[in-house]
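I opened the file and kept these notes as I went. The entries follow the order in which I looked things up.

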Amino acid sequence: MSTSNVRNIDSLATMHAGILRLSDDWNKTIQEMRAMVQRAEEYFSQTQPRYWRHQLQLAEREINEAKDDLARKRSSLRPEDRPAASEAVARLQKAERRLRFCEDKRRQLRSWAIEVSKVCDDLRGPLADVNEHCETILPQAARELATLIDQLRVYAEQARQRDP
């Protein structure tokens, strides 16, 4: 017959409660991490593309307005009646730089979105593993520990009754 050297069953009961708390705390943390991963992926795959698409539209509109303004200033019949167009030219150049900037951001964003998506996918596997521990393995260990605690209490009670 095997013997056990358990001196304090209550410490095992405390450990049991700790395992259950750990499982619950980890589960909450995993859910928060999943939500953060989802938000990060959504930010790079939806929010930012929408933002830069809108900025690109604004830049194109600004170019069209600047071109119209420049064309108006250059359309006078007599060259001496034409107002100076240097501000209109500068405005058009600025609008073109802004358009190139927005296009560059959209191109960069595509590669960032792919990279962020890959990183998010790489995180989901380990998160699922930890989640399995939280939902299955730790609760099972806690149940087994509770069974052992119950058996030890019965054993301790029988030992007390034998040894008055």
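In which helix does Ser 23 lie? I found Ser 23 in helix 1. Helices here are DSSP runs of H or I with at least four residues, strands are runs of E with at least two, and both are numbered from the N terminus.

Before going on I noted the ground rules. This is a predicted model, in which local features need pLDDT of at least 70 and side-chain atom pairs count only at pLDDT 80 or more, while totals for chains, interfaces and linings use all residues. Residues are numbered from 1 along each chain as its sequence is written, and side-chain values use heavy atoms, with hydrogens and water left out.

**Entry: overall form.** I counted two helices and zero strands in the protein chain. The radius of gyration is 35 Å, well over the 15 Å that the globule rule gives for 164 residues, so the chain is more spread out than a compact globule. That radius is taken over C-alpha atoms, and the rule is 2.2 Å times the number of residues to the power 0.38. Along the principal axes, the C-alpha atoms fill a box of roughly 125 × 20 × 15 Å.

Entry: Buried means under 20% relative accessible area, exposed over 50%, and partly exposed in between (1.4 Å probe, protein chains only). Among contacts (heavy atoms within 4.5 Å) with a separation of 6 or more, 82% join residues 24 or more positions apart.

Entry: Is Ser 23 buried or exposed? Ser 23 is buried, with a relative accessible area of 7%. Leaving aside neighbours within four places in sequence, I saw Ser 23 in contact with Cys 134, Leu 138 and Pro 139. Gln 48 also lies in helix 1, and Gln 48 is buried at 14%. With residues up to four places away not counted, Gln 48 touches Tyr 43 and Leu 109.

**Entry: nonpolar cores.** A nonpolar core is a set of buried Ala, Val, Leu, Ile, Met, Phe, Trp, Tyr and Cys residues joined through side-chain atoms within 4.5 Å. The largest has 13 residues, and Ile 63, Leu 70, Leu 92, Leu 99 and Cys 102 have the most contacts inside it. Helix 1 (9-74) and helix 2 (86-162) are the elements that give two or more residues to this core. I then checked Ile 63, which touches Leu 92, Ala 95, Glu 96 and Leu 99, not counting residues up to four places away in sequence.
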